[in-house]
Amino acid sequence: MGRAFVYVILGGGVAAGYAALEFVKKGVSQGELCIISDEPVAPYERPALSKGFLLPEAPARLPSFHTCVGANEERLTPKWYKENGIELVLGTGVKSADVKRKTLLTTTGETISYKILIVATGARALKLEEFGVSGSDADNVCYLRNIADANRIVNAVQSSPGGNAVVIGVARLFTPKIASYYEGYYNSRGVNFVKGTVLSSFDFNSAGKVTAVNLRDGRKISVDMVVVGIGIRPNTGLFEGQLTLEKGGIKVNGKLQSSNSSVYAIGDVAAFPVKAFGETRRLEHVDSARQSARHVVAAIMEPGKTGEFDYLPFFYSRVFTLSWQFYGDNIGEVVYFGDFSGSTFGAYWVSKGHLVGAFLEGGTKEEYEAVAKATRFRPAIEDLAELERQGLTFAVTVSQKQLMSPPPVKVTSTDLLLEKPLYAWHATAGVILAASVAAFAYYYGKKRRRW
């Protein structure tokens, strides 16, 4: 038995929710669209899992963060999908895909056919076992990609008698100077960085929980819980040998269309041409997922009115009371500005005589918008000392002048896109952060209520 749809979205993450909303805005007919997801809930805003979901007081829970509230748009509850005639196939994986026959075989044995397929399968978290370290099955070892993972972290926090956590991750944040600022800020709030060594193994108690982390240099850190964040791998397995792959993802054109004209890809899994840099990239960020979802629906339903996807890479993060945004590329010479002993500072990246990237911590809404516009305009930079002197004022001035964008400058490398992910135990300097979970959660909850 099987069902047929005009449009099928494979994957139920952020990109799927935003695509669904765009389909409805574009007038999709009832019964034409289906979303298949191995998660048991409708698409939701994944950033909430590392923010509001973990708060000790009034934590965020569904349905409060279903898509598309992350962009201040309509909240798409299961009722919304039903009212708009969109079929949700939840808690169901796909065993195989046949792009020539335009069919998907689900784990329940059902065949679902389509005319147009949008691949929004995202990525999976890399596990310790893939690199010879066992212990992921322990109740107090956590990853974070979905609601089940977030619940596991909450349970681990609540059952941690000493409140001590170790976070295993990669030691890198733009430049040493910028990283040093955040390290100092973390240190002031009880978070310790252990550098110059890597994870070796865990110690377990009789109940199978991790009690200590063993480092290669011989040190041992007692823990109540472990959080592992060592990177992701795009979920492309269903399409290997069927679609062209690049940068670890599915290669698509400016319409987000793959090597098979009936298949499109969006979000973390899509490797698309970034017009500003003249090369193909795969970006791992919620904003890219949202924007590519909107564009792909327009490209499918209004091809004559829709140009190529013109996305400026954008990343942001909020930690404690800090908040930064980054636009463009971090290659070339770095020019710092602002007060690194204060709360507002930033950096520009200049390559081949043009501004190609910008970072800003502690800016206002208007300042972030100015930095974004200036990066997109990519103005010529002749004097780095003068750029440093002007600092943030330069971006504000450029954005107000509405400069014409110069021709793209092709670049060949980036620290934002990792074709081969870095792993904590393979990098020159791994990072392990030991902190009091209880103290962190309390402080975070008091200072910031947003997810």
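Trainee: Which residues in helix 6 meet which residues in helix 8?

Mentor: Keep in mind that this is a predicted model. From helix 6, the contact takes in Glu-367, Ala-370, Val-371, Lys-373, Ala-374 and Phe-377. On the helix 8 side they meet Leu-392, Ala-395, Val-396, Val-398 and Ser-399.

Trainee: How does that contact split by class?

Mentor: Eight residues are nonpolar, one is polar and two are charged.

Trainee: And at what angle do helix 6 and helix 8 pack?

Mentor: About 70 degrees, with the axes 8 Å apart. Helix 6 spans residues 365–377 and helix 8 spans residues 392–401. Angles from 65 to 115 degrees count as roughly perpendicular, so that is the term for helix 6 and helix 8.

Trainee: Switching to helix 1 and helix 5. Where are they, and at what angle do they cross?

Mentor: Helix 1 is residues 14–25, and helix 5 is residues 286–301. Their axes cross at roughly 35 degrees and come within 8 Å.

Trainee: Is the crossing left-handed or right-handed?

Mentor: The crossing of helix 1 and helix 5 is right-handed.

Trainee: Which residues meet there?

Mentor: Helix 1 brings Val-14, Ala-15, Tyr-18, Ala-19, Glu-22 and Phe-23. Helix 5 brings Val-286, Ala-289, Arg-290, Ala-293, Arg-294, Val-297 and Met-301. By class, this contact has 10 nonpolar residues, no polar ones and three charged ones.

Trainee: How many bridges join strand 24 to strand 25?

Mentor: Seven, and the two strands run antiparallel. As for a facing pair, Ala-347 stands opposite Phe-359 in strand 25.

Trainee: What about the four-strand sheet: which order, and what pairing?

Mentor: That open sheet runs 16-17-19-20, and its pairing is mixed. The edge strands are strand 16 (245–246) and strand 20 (279–282).

Trainee: How many bridges do strand 16 and strand 17 pair over?

Mentor: Two, in the antiparallel sense, with strand 17 at residues 249–251. Glu-246 stands opposite Gly-249 in strand 17.

Definitions and conventions: Residues numbered from 1 in each chain as written. Predicted model: local features only at pLDDT ≥ 70, side-chain atom pairs only at ≥ 80, totals over all residues. Heavy atoms only, no water. Axes fitted to C-alpha atoms, helices over the stretch in contact; angles between N-to-C directions. Left-handed = near helix turned anticlockwise from the far one by under 90°. Contact = heavy atoms within 4.5 Å. Nonpolar A, V, L, I, M, F, W, Y, C, P; charged D, E, K, R; others polar. Pairing = 2+ DSSP bridges. Parallel < 35°, antiparallel > 145°, perpendicular 65-115°, else oblique.
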